[in-house]
Amino acid sequence: MNKAELIGSIADKSGLSKAEAGNALDAFVSSVSDALKGGDRISLVGFGSFSVDRRDARMGRNPRTGEEIQIAAKNVVKFKPGAGLSDAVN
């Protein structure tokens, strides 16, 4: 499912227009991004939680040449599904 299909599904299930559903989805994504940038954790009961974790710098290897390279440290977003989502999928 791509973004346009997700917007269509949200519009159908909520009774919103596609434009309103698109605005709601954009607002959700923006709010989640802003909260994660600020170091917050987002928990949606029954769906899951989003958090930011720090990945340390490490040595890697270029698969093409075999040369060792330094991989920089960075923040990564993690998602842990909730029980409701896991049950719905299984």
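Modeller: Let's start with a term: a polar contact is a pair of N or O atoms within 3.5 Å, where, within protein, one must be able to donate a hydrogen and the other to accept it. Keep in mind that this is a predicted model.

Colleague: Got it. Which residue caps the N-terminal end of α1?

Modeller: Look for a side-chain oxygen by the backbone nitrogen of Ala4; there is one 3.1 Å away. That oxygen belongs to the residue capping the helix, Asn2.

Colleague: How far apart are the end C-alpha atoms of α1?

Modeller: Helix α1 covers residues 3–14, so it has 12 residues. At 1.5 Å a residue they should span 16 Å. The model agrees with that, because the end C-alpha atoms are apart by 16 Å.

Colleague: Which residues of α1 are buried, and what arc do they cover?

Modeller: The buried ones are Ile7, Gly8 and Ala11. They sit on the same side of α1, because around the axis they cover an arc of only 100°.

Colleague: Which element gives the most to the largest nonpolar core?

Modeller: This core has 5 residues in all: Val32, Ala35, Leu36, Ile42 and Phe50.

Colleague: Is Ser49 buried or exposed?

Modeller: Ser49 is found in strand β2, residues 48–55. Buried means under 20% relative accessible area. Ser49 has 7% relative accessibility, so it counts as buried.

Colleague: And which side chain makes a polar contact with the side chain of Ser49?

Modeller: Leaving aside neighbours within four places in sequence, Ser49 is in contact with Arg41, Ile42, Ser43, Lys78, Phe79 and Lys80. The polar contact between side chains is at 2.8 Å, and the partner is Arg41.

Colleague: Zooming out, in what order do the elements of the protein chain run?

Modeller: The count comes to 3 helices and 5 strands. From the N terminus on, the order is α-α-β-β-β-β-β-α.

Colleague: What is the radius of gyration of the protein chain?

Modeller: The C-alpha atoms fill a box of roughly 55 × 30 × 25 Å along the principal axes. For 90 residues the globule rule gives 12 Å, and the chain is well over that, so it is more spread out than a compact globule. The value for the chain is 18 Å.

Notes. Residues are numbered from 1 along each chain as its sequence is written. This is a predicted model: local features need pLDDT of at least 70, side-chain atom pairs count only at pLDDT 80 or more; totals for chains, interfaces and linings use all residues. Side-chain values use heavy atoms; hydrogens and water are left out. Helices (H or I, at least four residues) and strands (E, at least two) are DSSP runs, numbered from the N terminus. The expected span of a helix is 1.5 Å times one less than its number of residues. Buried means under 20% relative accessible area, exposed over 50%, partly exposed in between (1.4 Å probe, protein chains only). The arc is that of the directions from the helix axis to the C-beta atoms. A nonpolar core is a set of buried Ala, Val, Leu, Ile, Met, Phe, Trp, Tyr and Cys residues joined through side-chain atoms within 4.5 Å. Contact means heavy atoms within 4.5 Å. The radius of gyration is taken over C-alpha atoms; the globule rule is 2.2 Å times the number of residues to the power 0.38.
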